[in-house]
Amino acid sequence: SDGYVRIYTVETPWGDLIVHGDHRLQTRFKELAAVDAMERTSNSKEFSDGLVKAGLQPVEFAGKLVTDPVDTVKNTVSGVGNLFNSIGSGIRNHGKTPENAVQSVTGAAKQRRLIAYNYGVDPYSQFPPLKQKLDQMSDAAAAGGLVVTGAFIAIPGAAGTIISNVSTADNLNDMVRDYSAAQLMDANRKAMAQMGVSSALIEELLANTNYTPVDMTAMTAALGSMGRLQNLDALLGLAATVKSRDDAEFMRWRIELMAAYQ
């Protein structure tokens, strides 16, 4: 313990991980379980068959996207309903979110959110093994037209538990699954403005990339659940200054604990 949190060393196939705090340790366990399930999925016959039916081998999609982007996108895009709703958000928040234009066009961004929802993990996680598997699986799923719940090996009880410590967790998990990162940013911006947070501070907080869109959504919902608060700029001013992912997760957990206690 450093006086605030316990510090763990976790041995994994990807090397030793240093983890700060009990809560983050539980998060890391979930992420490691998701990586294991995704590795087993990518080696399964159902997953391979799905890609073969699409005329693609697992390693081919990325190359096809580079060498023949028009036909590759034409063959993989499906569903446009939410596309039009997200265009405005994407323009307003261009360059401010983890989702890139290529992933949005091919449908990989949506597949990434669906896969993460299925495994109960943050689709924007920066944990390297999980980020790599989400990249691979979402690209492959978009290319092969795979149904996540059909070809993917599940973790019992994990689905839909990305956010679990807020009273409105079910609705928030659905938002993370269905809304783009830019749409979440717009929703959080609007909610914080309604709480009386200054516009400059809102933009400073949203621009801090140590927080994921999921962190922001959980924090905003937790603050909103406590009603009208005084001195909110003082709390969020501190939150906006964090310089590391560890500190960002600590601030999110602190705000969720405040809401639960209140």
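**View 1. Arg-252 sits in helix H15.** Welcome to this predicted model, in which local features need pLDDT of at least 70, side-chain atom pairs count only at pLDDT 80 or more, and totals for chains, interfaces and linings use all residues. Residues are numbered from 1 along each chain as its sequence is written, and side-chain values use heavy atoms, with hydrogens and water left out. Helices here are DSSP runs (H or I, at least four residues), numbered from the N terminus. Is Arg-252 buried or exposed? Its relative accessibility is 12%, so Arg-252 counts as buried; the word means under 20% relative accessible area, with a 1.4 Å probe and protein chains only. Setting aside neighbours within four places in sequence, Arg-252 is in contact (heavy atoms within 4.5 Å) with Ile-162, Ile-163, Val-214, Asp-215, Ala-218 and Met-219.

**View 2. Helix H13 covers residues 213–224.** From first C-alpha to last, the 12 residues of H13 reach 16 Å, close to the 16 Å expected at 1.5 Å a residue; the expected span is 1.5 Å times one less than the number of residues. Because 11 of its 12 residues are buried, H13 is largely enclosed by the rest of the structure. Among the buried ones are Val-214, Asp-215, Ala-218 and Met-219. Which helices do the buried residues of H13 pack against? They meet H10 (169–178), H11 (181–194), H12 (199–206), H14 (232–240) and H15 (245–261).

**View 3. The largest nonpolar core has 24 residues.** Such a core is a set of buried Ala, Val, Leu, Ile, Met, Phe, Trp, Tyr and Cys residues joined through side-chain atoms within 4.5 Å. Val-197, Leu-205, Tyr-211, Leu-223 and Leu-236 touch the most other members. H11, H12, H13, H14 and H15 each supply at least two residues of this core, and the largest share, 5 residues, comes from H14. Apart from this core lies another, of 18 residues, including Ala-37, Tyr-119, Leu-134 and Ala-141.

**View 4. Helix H11 has 14 residues.** H11 reaches 20 Å between its first and last C-alpha, close to the 20 Å expected. Its buried residues include Leu-184, Asp-186, Arg-189 and Met-192. After H11 comes Gly-196, with a positive phi near 95°.

**View 5. Two arginines lie over ring faces.** Arg-28 is over the face of Phe-127, at 4.2 Å from the ring centre. Arg-177 lies over the face of Tyr-117, at 4.7 Å from the ring centre. For Arg, this calls for CZ within 6 Å of the ring centre and within 35 degrees of the ring normal.

Terms used: Buried means under 20% relative accessible area, exposed over 50%, partly exposed in between (1.4 Å probe, protein chains only).
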